[in-house]
Amino acid sequence: MDLISKIQVCNSLDDIPNFKSIKSLDRGIEWKIVFTNKIKLKREKIGKQWKFEHPEFRIAVHTIEPEINIVKLITDKEIEEHQGFFEKCAKDYRNLANELINEFAEKHNVKIDPNYPMNTLGHTEKFGYKSVGEMNGWKYAFHGIHCGLTNNKTGQRIEIPLTYGLEFGQLDPYFFTGFIKSTKEYQPLPVPIYCDYADGLRILEKMIKIGKFEYVNSNWPNQKGIVVTDRDKVKVEVYNPKIELGEESLRTTRYKNNGRRTSKTNDNNKNKLWSKLKSLWS
């Protein structure tokens, strides 16, 4: 959805919008506040203050041009009124992600590691498939810790997370709204989404507060993601480098000692294992 542009040029601090004026801004409008030379040095300080005062707005302070762009984000009331819709979107996202990643694995004869999918899925050809290609009407591309897919006919987009075990329904703010806006069955949307990431983040956070979404562990230590609450629960293993590298290193050291090799290889083995993990999970 496109925003309607509204421009206000400010020649002095008296021209700067006040608290009430910003609060009254309607959704769907991008209010561009342009600072002239006399007051342009005040831009960053004012923008910082506005971000603190208006968490329900996207306050974008331009790094080059002397301007601040203001957009009202999706409201708590709008999310609450359409919680059923967002819950359905999350379930659809999860179902489609599971369907596509398993279809990919079957097509390329890949056994997905149930604990750490990135051990067998990733942006490298050493697993026996190209990291970018097509599959049954979908373009796919492995990148970072996701596999992105786009439907050739409908344009529907989905990003499948690879660091939550077999839980492929983890929701990223930007990717989730991108999925919603590119799914034809949802059009026209019951509530407008203008700022993909910022609106998406508010949707996820509010849906957690009302219990429709919840947190789930990532394979990465101290990392969590967000999934729909009403689902078949999947256990996600959290990688523990001290335990798992220690066990792997101990097995290697014992083997080498039995072969009359010194135990000095212990540290080298750990370094090699760390390098291996970094190459698989980066």
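The model is predicted, so to speak of local features a pLDDT of at least 70 is needed, side-chain atom pairs count only at pLDDT 80 or more, and totals for chains, interfaces and linings use all residues. Residues are numbered from 1 along each chain as its sequence is written, and side-chain values use heavy atoms, with hydrogens and water left out.

Y186 sits in the loop between α5 (173–182) and α6 (196–209). Helices (H or I, at least four residues) and strands (E, at least two) are DSSP runs, numbered from the N terminus. The side chains of Y186 and D92 are joined by a polar contact of 2.7 Å. Such a contact is a pair of N or O atoms within 3.5 Å; within protein, one must be able to donate a hydrogen and the other to accept it, and residues adjacent in sequence count only if both atoms are side-chain atoms. C89 is 97 residues from Y186 in sequence, yet the C-alpha to C-alpha distance is 8.6 Å.

### The chain as a whole

The chain has eight helices and 10 strands. It holds 282 residues, and 43% of them are buried. Buried means under 20% relative accessible area, exposed over 50%, and partly exposed in between (1.4 Å probe, protein chains only). Take the contacts between residues at least 6 apart in sequence: 55% of them join residues at least 24 apart.

| Residue | State | Relative accessible area |
|---|---|---|
| N151 | buried | 15% |
| Y186 | buried | 7% |
| F176 | buried | 1% |
| F213 | buried | 2% |

### Aromatic rings

Rings of Phe, Tyr and Trp (its six-membered ring) pair if their centres lie within 6.5 Å; planes under 30 degrees apart count as stacked, over 60 as edge-to-face and the rest as tilted. The rule gives 14 aromatic pairs. F104 and F142 make an edge-to-face pair, at 5.2 Å centre to centre with 65° between the planes. This pair links distant parts of the chain. F104 belongs to helix α4 (residues 83–107) and F142 to strand β6 (residues 138–143), 38 residues apart. F104 and F142 are both buried.

F176 and F213 are also edge-to-face, with 6.2 Å between centres and 70° between planes. F176 is in helix α5 and F213 in strand β9 (residues 213–217), so this pair ties together parts 37 residues apart in sequence. Both rings belong to one aromatic cluster, formed by F85, F86, Y93, F176, F179, Y186 and F213.

A charge contact with a ring occurs elsewhere. K6 lies over the face of W31, at 4.2 Å from the ring centre. For this, NZ of Lys or CZ of Arg must be within 6 Å of the ring centre and within 35 degrees of the ring normal.

### Sheet and helices

The strands β5-β6-β7-β8 form, in that order, an open sheet of four with antiparallel pairing. Two strands pair if DSSP finds at least two bridges between them. At the edges are β5 (132–135) and β8 (157–161), each pairing on one side only. From one strand to the next the twist averages 25°. Axes are lines fitted to C-alpha atoms, for helices over the stretch in contact, and angles run from 0 to 180 degrees between N-to-C directions.

β7 and β8 run antiparallel and are joined by five bridges. α5 lies across β7 and β8, at about 150° to β8.

α5 is mostly covered, with seven of its 10 residues buried. They are P173, F176, T177, G178, F179, I180 and S182. The buried residues of α5 pack against α4, β8, α6 and β9. At the start of α5, a side-chain oxygen of D172 comes within 2.9 Å of the backbone nitrogen of Y174.

### N151 in β7

N151 is in strand β7 (residues 146–151). Which backbone nitrogen does the side chain of N151 reach at 2.9 Å? That of K153. The backbone nitrogen of T154 lies 3.0 Å from a polar atom of the N151 side chain. Not counting residues up to four places away in sequence, N151 touches G137, W138 and Q156.

Technical notes. Contact = heavy atoms within 4.5 Å.
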